[in-house]
Amino acid sequence: MFSQSGHLRRHLRTHTGEKPFECSVCHKTFSQSGDLRTHLRTHTGDKPFECSVCHKMFSTSGDLRRHLRTHTGEKPFECSVCHKTFSRSGNLRTHLGTHSGEKPFECSVCHKMFSTSGHLRTHLRTHTGEKSFGCSVCRKTFSLSRVLRTHLGTHTGEKPLECSVYHKMFSQSGHLRTHLRTHTGEKPFECSVCHKTFSQSGDLRTHLRTHTGEKPFECSVCHKMFSTSGHLRRHLRTHTGEKPFECSVCHKTFSTSGDLRTHLRTHTGEKPFECSVCHKTFSRSGYLRSHLRTHTGEKPFECSVCHKMFSQSGHLRTHLHTHIGEKTFECSVCHKTFSRSGHLRTHLRTHTGEKPFGCSVQRPA
């Protein structure tokens, strides 16, 4: 029932579909004169509704009401399932799809389904190649407005997001979220094969290649394949000879940051790797692994000729000289050659007369 005949007439149009009010500019029709007046502002640019807080102008009272919630924090639309609240009814409708799993919007190209029309529109640009968001500074174009906003930060240097722990600033909320995990220790990305967890999705993707064996990064010089772009970059330095990491003490340069860190221990004397059996410390993890074999008796390096086993690869290389007869260590005095550096050092004493080993037992008087 209606209190006024005009209200009844407007309501009847919801049944008849009648739209008697026509836009004189684009000829779009409307069922109510008020809807036509609101529409005309899209042509005139008229924005008669002003925010009392920030003085931003809006074309409809509804747009102003929604905007005011950004100041008040009001979220009047509540999810009936998990009770999460939203400032807009449209955001609530989108959220409800996370509970129902409903995806009513289908891509006409690849038939992928989406929960919102906006997600579908964004996806369609992967097929059309459309990049409708242009940077006003460098004219670079982007398919997503949020990617453009992030890009604009490269020109302005703006970093509006602050870490509440260390007060480090970030240009993107995603970068801040990732950083915060260094404080919380949160690792939300889990490997479906071995259940190892990671703080970043990119680290999980890289890890999965250890299970799949995938190596998507190829060296343009020797065509060797690598599982990460970082490994490829390090490898390329073996071709270019580039050594960008310099020791601040002796200015020796290295091709990897890890090699520089290891080298710095020759200056600091640091030995961070400790044997769990005898507590001897080492400057390199490799030295510790070799040492541990003196406790375990493990000999993983086998001679391909006589099958003798060795605990270190260097010992195997030295042993192989006994089979091939190679003598690579030459005496600088008489040019005699030896298969081991230790044998050469012993021989050199015949020239120098050095006798470094003294008996600790005293002769009787």
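**Entry 1: helix α11**

I began with helix α11, residues 285–296, in this predicted model. I counted 12 residues in α11, and the distance from its first C-alpha to its last came out at 17 Å. That is close to the 16 Å expected at 1.5 Å a residue.

Which residues of α11 are buried? I found Leu288, His291 and Arg293. Next I looked up what these buried residues pack against, and three strands came up: β19 (273–274), β20 (281–282) and β21 (301–302).

I also checked what comes after the helix. Gly297 follows α11, and its phi is positive, near 75 degrees.

**Entry 2: the largest pocket**

I then turned to pockets. How much space lies in the largest pocket? My note says about 210 Å³.

I looked up the lining of this pocket and wrote down some of its residues, including Gly90, Asn91, Arg93 and Thr94.

Sorting the lining of the largest pocket by class, I got 3 nonpolar, 7 polar and 2 charged residues.

**Entry 3: the second largest pocket**

The second largest pocket has a volume of about 150 Å³. I listed its lining as Arg146, Val147, Arg149, Thr150, Gln172, Ser173 and Gly174. Two elements, α6 (145–156) and α7 (173–184), each give two or more residues to this lining. The largest share is from α6, with 4 residues. By class, I noted 1 nonpolar, 4 polar and 2 charged residues in the lining of the second largest pocket.

**Entry 4: cysteines**

My last search was for disulfides. A disulfide is a covalent bond between the sulfur atoms of two cysteines. How many disulfides does a search of the whole structure find? The search gave me 0.

I looked at Cys23 as an example. The cysteine sulfur nearest to that of Cys23 belongs to Cys26, 3.7 Å away, and Cys23 is in no disulfide. Is Cys23 buried or exposed? I found Cys23 buried, with a relative accessible area of 1%.

Cys110 was next on my list. Cys110 is in no disulfide either, and the nearest cysteine sulfur is that of Cys107, 3.7 Å away. I noted Cys110 as partly exposed, with a relative accessible area of 37%.

How values were computed: Residues numbered from 1 in each chain as written. Predicted model: local features only at pLDDT ≥ 70, side-chain atom pairs only at ≥ 80, totals over all residues. Heavy atoms only, no water. Expected span 1.5 Å × (residues − 1). Buried < 20%, exposed > 50% of the residue type's maximum accessible area, 1.4 Å probe, protein only. Contact = heavy atoms within 4.5 Å. 1 Å grid on protein atoms, 1.4 Å probe; cavity = no way out; pocket = protein on both sides within 12 Å on 5 of 7 lines; lining within 4 Å. Points joined across faces, edges and corners; volume = space filled by probe spheres on them. Nonpolar A, V, L, I, M, F, W, Y, C, P; charged D, E, K, R; others polar. Disulfide = S-S within 2.5 Å.
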